[in-house]
Amino acid sequence: MSQAATGEVSPQATAEPLLRATDIRQHFPVRRGFFKPNAYVKAVNGVSFDLMEGETFGLVGESGCGKSTLGRTLLRLIEPTDGACYYRNKNIFETSQAEFGKYRRELQMVFQDPYSSLNPKMRVGSILEEAMAIHGIGSRRERTDRVIDLLETVGLSSEHYFRFPHEFSGGQRQRINLARALSLTPKVVVCDETVSALDVSIQAQVLNLMKRIRKEFNLSYLFISHDLGVVKYISDRIGVMYLGNLVEVATAEELFEAPKHPYTQALISALPKTNPRVEKQRIKLTGEVPSPLDPPSGCCFHTRCPHAMDICRKVVPEPRTISGTHKTACHLYEESV
Amino acid sequence: MSESHVIDVRNLRTHFHTEKGRVTAVDDVSFHVDRNEVLGVVGESGCGKSVTSEAIMQLLNPDITDFEGEIIFDGENLLALGEDKLARIRGKDISMIFQDTTSSLNPLYTVGDQIIEALQAHGRYSRKAAAETALKVVTSTGIPSPDKRLKEYPHELSGGMRQRIMIAMALVCEPKLLIADEPTTALDVTTQAQILDLIIQMKSDLDMGVIFITHDMGVVAEICDRVAVMYLGQVIEDSTVESLFEAPLHPYTKGLMQAMPTIESDPKADLHTIKGKVPSLTDVPEGCRFAARCPFRTGKCVSNAPTLEVATGGHKVRCWHWKAIAEGTAPEAGTEAVIA
């Protein structure tokens, strides 16, 4: 997929996007031998999208589709191979590490694993103050006050200040992780499978909290998850990834009511039914996801697509606008534009 | 026990001896599974669903576990059988598949060898005959180019293919009962749909009973005939899947169903939450175990433990107030906010 003017895709069509990713590529080299050239795992292969202010953009896809790599690349936790990421009209991929620190304060991340993302040797108070100390925010006293405020914001209390991470349950730890991200008053929070490790009843509590916080702090979320139900619930717009490519972008409603890309259609039809009496029609995908080391020519999905045509094997489909906010990269919709 | 019951679990209690004292992880659990039937066991982490299945397979360390009750399989009480007899049942008459396929397969042997091993452990098979049977079973799981796959090592296969191999290995001796412990939790939705179809098809082909352990209500709706909902070591609701989804009776089941965001949930409304968190097994409440988190609790709930009573035909529930709740006449007590 190549970059395209994606401005009109957003709900607030006139507004400038807060974050604009254009043609992001993340290729990891694989050494094959001394005399052979390196092969590349094309984890993210040319992804473009916009994130508007106050919006939640959901990224869905199956394991290995590159959604987490994309999230990490945007925050430069892994240096990108190619592409640009504009935050407030500045390409943050071109800034030096020192200068990027300034932006990182406004671009935060919450990870999936509530157990490994908190230092077991630090008390919760110190964990939450550390980020502020690094960025030189406030005096020691002000930081402590702010941490206690934050603990209350995420539904914990000041008595948890001196506790260690092991004293908390998974749901509580994700609350601490959220508080840590919030401590720097970010604008964008990348949530990488934030609720996936939690039990259903706890997951609901954290999702409600995340929605409340987004409003209160005027945040934008990039919400990465494999769980379509969760993504549909929390997102304004959703991007579907397959094998390093963004194959479809639409508002949450459009995507589930009228999915356009054959992969999205298959993904939605594979969801377990919510009522045992209803018979569900399934689109069965055959075969396995191809290796990102050697992605298929043409459309990345043609090896499993029930509608594959000749052109799909040869030409990479460009993202096309189906309607105002709905875009897909598929040759089936060629004539309609 | 009627003829059609494959297994009958009666008043099973499982106690562990821990540093914090005796912990009862499974408390008075009874259920049965018929031939050609899938029983779903649902609940959140720590509710005892996996311990129940490990008790049936007798996989728990006998030095630190005590059992009470009976597990009747084939007319014999599994809890009273000796290790040599159990070894003949495990993997032959009762098989199990797990969530984590990577650690369930031996990385040093080809998957073909591992399936052949299961066959030869339970019957007189020449290597050649066993290899033929293995190929037949693996082919029936729908793996592409099965003869090639049998010669491969587990790391060469994807998660979905490994789960198919696990299923082939579990079913190669044509068991009467299959215990599936979250077999699709680690898989993607498209692969999950394929594996669920496979389990349903194998169930009717072999006319076997299946105990399907999961935390996902969607998967329950998809595959199960009957469901037992567990909470803190007890079955709190037991019903046919249709009846459960039409009208869940226990407040916990209701909460669990509403808390799960599906593509039908209203994104503008807050998700329904169950207040607080599951109490620790070392500190089990005296009355109803769900009382502290229940919006309908009364004084009776806090002091007296309800029993599993029959509500309507085939639908059992462990709640004092299920009738009033179903009729909508139960007063909703204001639960103080408890933080999870």
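In this predicted model, A:Leu59 stands opposite A:Ile224 of strand β8 in chain A. The two residues belong to a pairing in the parallel sense, over four bridges, between strand β3 (residues 56-60) and strand β8 (residues 220-224) of chain A. Strands are here DSSP runs of E with at least two residues, helices are runs of H or I with at least four residues, and both are numbered from the N terminus; two strands pair if DSSP finds at least two bridges between them. β3(A) also pairs with strand β9 (residues 237-242) of chain A, again in the parallel sense and over four bridges, and there A:Gly58 stands opposite A:Ile238.

In a regular strand the side chains alternate between the two faces of the sheet. In β3(A), A:Thr56, A:Gly58 and A:Val60 point one way, whereas A:Phe57 and A:Leu59 point the other way. Five of the five residues of β3(A) are buried, a residue being buried if 20 or more other C-beta atoms lie within 10 Å of its own, exposed if 12 or fewer do, and partly exposed in between, with C-beta atoms placed from the backbone.

The numbering and the basis of the model can be stated briefly. Residues are numbered from 1 along each chain as its sequence is written, while chains are lettered from A and ligands numbered from 1 in the order in which they are written. Because the model is predicted, local features need pLDDT of at least 70 and side-chain atom pairs count only at pLDDT 80 or more, whereas totals for chains, interfaces and linings use all residues.

Elsewhere in chain A, helix α3 (residues 124-134) has the buried residues A:Val124, A:Ile127, A:Leu128, A:Glu129 and A:Met132. Their cover includes α4 (140-153) and α5 (170-182) of chain A. Just after α3(A), A:Gly136 takes a positive phi of about 65°.

Chain B contains 13 helices and 12 strands. Its radius of gyration is 21 Å, close to the 20 Å that the globule rule gives for 340 residues, so chain B is as compact as a globular protein of that length; the radius is taken over C-alpha atoms, and the rule is 2.2 Å times the number of residues to the power 0.38. Along the principal axes, the C-alpha atoms of chain B fill a box of roughly 70 × 50 × 40 Å. Of its 340 residues, 46% count as buried. Among contacts in chain B between residues at least 6 apart in sequence, 64% join residues at least 24 apart, where contact requires C-beta atoms, placed from the backbone, within 7 Å.

The domain assignment of chain B gives domain 1 (102-172) and domain 2 (249-327), with bounds that come from an automatic or database domain assignment. The centres of these domains, taken over C-alpha atoms, are separated by 43 Å.

In soluble globular proteins, nonpolar side chains tend to be buried together. The largest nonpolar core has 180 residues, and those with the most contacts inside it are A:Leu222 and B:Ile115; such a core is a set of buried Ala, Val, Leu, Ile, Met, Phe, Trp, Tyr and Cys residues joined through C-beta atoms within 7 Å. Helix α7 (residues 159-171) of chain B gives the largest share of this core, eight residues. Domain 1 and domain 2 of chain B both give residues to the core, so it lies between them. Leaving aside neighbours within four places in sequence, B:Ile115 is in contact with B:Ala134, B:Val138, B:Ala168, B:Met169 and B:Val172.

Helix α8 (residues 189-206) of chain B has 18 residues, which should span 26 Å at 1.5 Å a residue, and its end C-alpha atoms are 26 Å apart, which agrees; the expected span is 1.5 Å times one less than the number of residues. Its buried residues, among them B:Val189, B:Ile195 and B:Met202, pack against α9 (262-269) of chain A and against elements of chain B including α7, β7 (177-181) and β8 (209-214). Just after α8(B), B:Asp207 takes a positive phi of about 55°.

Between the chains, 34 residues of chain B are in contact with 36 residues of chain A. The elements of chain B that give two or more residues to this side are α8, α9, α10 (241-246) and α11 (251-259), and α9(B) gives the most, with four residues.

Methods. Two residues are in contact if their C-beta atoms, placed from the backbone, lie within 7 Å.
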